[in-house]
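Dear colleague,

Please find the structure below, together with its sequence. I would be grateful if you would look it over before reading the notes that come after it.

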Amino acid sequence: MKLYKNKKSNIHRHGLSAAINIKKGQKIIQYKGKKVTSNQVESNPKYNNEKEIYLFNLNKRYDLDGDFKFNTARLINHSCNPNCEVLEENKRLWIFAMRDIKKNEELTYDYGFSFDKDFKQYVCKCGSKNCVGYIVREGSRWRIKKIRPVLV
Ligand SMILES: [Zn+2]
């Protein structure tokens with residue numbers, strides 16, 4: 001049974017939400033894509049900043065490009081207070097529930113963007129209490145709070 005469904009998102013245009021109640025630790029959907037080498041990412045204009053959103057670092061040599069229609073998981077939005085995480089299992093990436101998720105709740109995970117000079121390109125509208133206003137991985141968010149102590 002499918003655990004997810006398409007949803008008009010409160011955060012972004014599209015999103016996925018829980019089709020039924022999901023238990024913490026459940027595997028929800030595979031993050032599918034094509035393997036690309038780090039060199040391909042550096043040399044191909046496809047992977048400019050905008051497309052980075054769909055790239056997953058697999059290891060030193062490979063990234064997974066999830067920017068394909070067949071990758072439904074690409075619709076999942078980032079949140080500063082996510083309910084899902086992406087984990088590798090048998091060399092495949094899966095979206096797992098980090099906690100119990102209620103039916104119809106939007107699925108989100110931390111995109112894990114590093115904090116660099118371009119961070120302002122990625123505005124976050126997740127609406128969480130702890131939202132820093134930009135899509136930056138949890139470990140780096142304190143930097144943004146320092147720069148912009150007041151975020152509305
Ligand atoms: Zn946020």
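The notes below take the overall fold and then the nonpolar cores.

Please bear in mind that this is a predicted model. The chain contains two helices and ten strands. In sequence order these elements run β-β-β-β-α-β-β-β-β-β-β-α.

As to overall dimensions, the C-alpha atoms occupy a box of roughly 40 × 40 × 25 Å along the principal axes. Of the 152 residues, 23% are buried. Where contacts join residues at least 6 apart in sequence, 61% of them link residues at least 24 apart.

The largest nonpolar core has 14 residues, and the members that touch the most others are Y4, A18, I28, I76, I95 and L107. Strands β2 (14–18) and β3 (27–31) each contribute at least two residues to this core. The greatest contribution is that of β3, with three residues.

Y4 deserves a separate word. With its neighbours within four places in sequence set aside, Y4 is in contact with L16, S17, A18, A19, I28, I29 and L107. Three of these partners, A18, I28 and L107, are named with Y4 among the core members that touch the most others.

With kind regards

Note on methods. Residues are numbered from 1 along each chain as its sequence is written. This is a predicted model: local features need pLDDT of at least 70, side-chain atom pairs count only at pLDDT 80 or more; totals for chains, interfaces and linings use all residues. Helices (H or I, at least four residues) and strands (E, at least two) are DSSP runs, numbered from the N terminus. A residue is buried if 20 or more other C-beta atoms lie within 10 Å of its own, exposed if 12 or fewer, and partly exposed in between; C-beta atoms are placed from the backbone. Two residues are in contact if their C-beta atoms, placed from the backbone, lie within 7 Å. A nonpolar core is a set of buried Ala, Val, Leu, Ile, Met, Phe, Trp, Tyr and Cys residues joined through C-beta atoms within 7 Å.
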